[in-house]
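Look at the sequence and the model below before reading on. The text then walks through a few of the features that can be found in it.

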Amino acid sequence: MLNDLKRQVCKANKDLASSGVVRFTWGNVSGFDSSMGLFVIKPSGVPYEDLQPELMVVMSLEGQKVEGRLKPSVDSDIHRAIYVSWPFSISGIAHTHSTYAVAFAQAGLSIPALGTSHADYFGGPIPITRAVDKSEINENYGRNLGSLIVATAAQPEHVPAVLVDHHGPFTWGKSPSEAVQNAVVLEEIAHAAYLSRMLNPKCEGLGEDQMNFHHQRRLDGYGQ
């Protein structure tokens with residue numbers, strides 16, 4: 001079942017690891033098939049180098065394991081809640097604990113749009129969620145966190161990323177590979193934003209006109 005999507009998700013997880021934005025098993029990628037209402041996700045706790053397509057886990061949008069002998073990622077309910085909210089907008093989600101993106105998340109800060117590299121992929125600042133409250137932690141944590149991500153992402157196609165307060169980044173795209181690419185770019189622009197603010201704490205964000213120009217130029221196919 002969903003053999004092609006399993007291959008895509010397996011490769012995307014391996015690419016996430018080879019890109020250097022994850023350590024150990026600190027991250028996961030999933031892919032969604034809207035025609036079947038099922039998603040494929042990395043199994044829990046398996047090192048990236050040991051992943052094979054047949055080890056990927058198939059899940060329903062109701063949270064049931066449809067196929068796979070291993071447990072799904074502990075973040076599968078977060079992915080599921082996002083797909084339930086955006087079933088026809090995205091087909092891939094990536095989550096990492098990459099250093100600079102996590103630093104912004106732990107500081108409770110959004111990532112400002114300071115340059116054109118940011119604008120190419122993200123048409124505005126990377127938003128951050130509010131803190132998760134006790135009731136959200138104690139009951140249906142994954143579903144609640146996914147819903148919080150969705151509520152925070154005002155423009156999910158324009159800015160395909162959210163930082164979860166004191167946790168880390170989630171990115172998405174029209175495929176698992178695009179979600180991974182956005183995760184890697186997110187870490188790069190977080191690093192650049194951190195260094196920029198260290199060099200000049202008063203540096204201002206990119207102007208709206210320049211932001212829109214660079215973002216739209218990439219959407220129109222420049223550099224792809």
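What follows treats salt bridges, then a surface patch, then pockets.

This is a predicted model, in which local features need pLDDT of at least 70 and side-chain atom pairs count only at pLDDT 80 or more, while totals for chains, interfaces and linings use all residues. Residues are numbered from 1 along each chain as its sequence is written, and side-chain values use heavy atoms, with hydrogens and water left out.

A salt bridge is a side-chain nitrogen of Lys or Arg within 4 Å of a carboxyl oxygen of Asp or Glu. The whole structure contains five salt bridges. One of them joins the side chains of R7 and D4, at 3.9 Å from N to O. Both residues sit in helix α1 (residues 3-18), three residues apart, so about one helical turn separates them. Helices (H or I, at least four residues) and strands (E, at least two) are DSSP runs, numbered from the N terminus. R7 is partly exposed at 46% relative accessibility, and D4 is partly exposed at 44%. Here buried means under 20% relative accessible area, exposed over 50%, and partly exposed in between (1.4 Å probe, protein chains only).

K6 forms a salt bridge with E67, with the closest N and O atoms 2.3 Å apart. Because K6 lies in helix α1 and E67 in strand β4, this pair ties together parts that are 61 residues apart in sequence. K6 is buried, at 8%, whereas E67 is partly exposed, at 28%.

Strand β4 (residues 65-67) also holds V66, which is partly exposed at 39% relative accessibility. Together with M1 and M36, V66 makes a nonpolar surface patch of about 250 Å². Such patches are made of residues with over 30% relative accessible area and no salt bridge; like charges are joined within 9 Å, and nonpolar side chains (Val, Leu, Ile, Met, Phe, Trp, Tyr) within 5 Å.

Which residues lie nearest the centre of the largest pocket? They are E157, K174, E178, N182 and L219, among 17 lining residues. A pocket is an open set of points on a 1 Å grid where a 1.4 Å probe fits, with protein on both sides within 12 Å along at least five of seven lines; lining residues have an atom within 4 Å of a point. The largest pocket has a volume of about 300 Å³. The second largest pocket has a volume of about 180 Å³, and the largest share of its lining, four residues, comes from α7.

Conventions:
Points joined across faces, edges and corners; volume = space filled by probe spheres on them. Areas by Shrake-Rupley, 256 points an atom, 1.4 Å probe, with all protein chains shown as cover.
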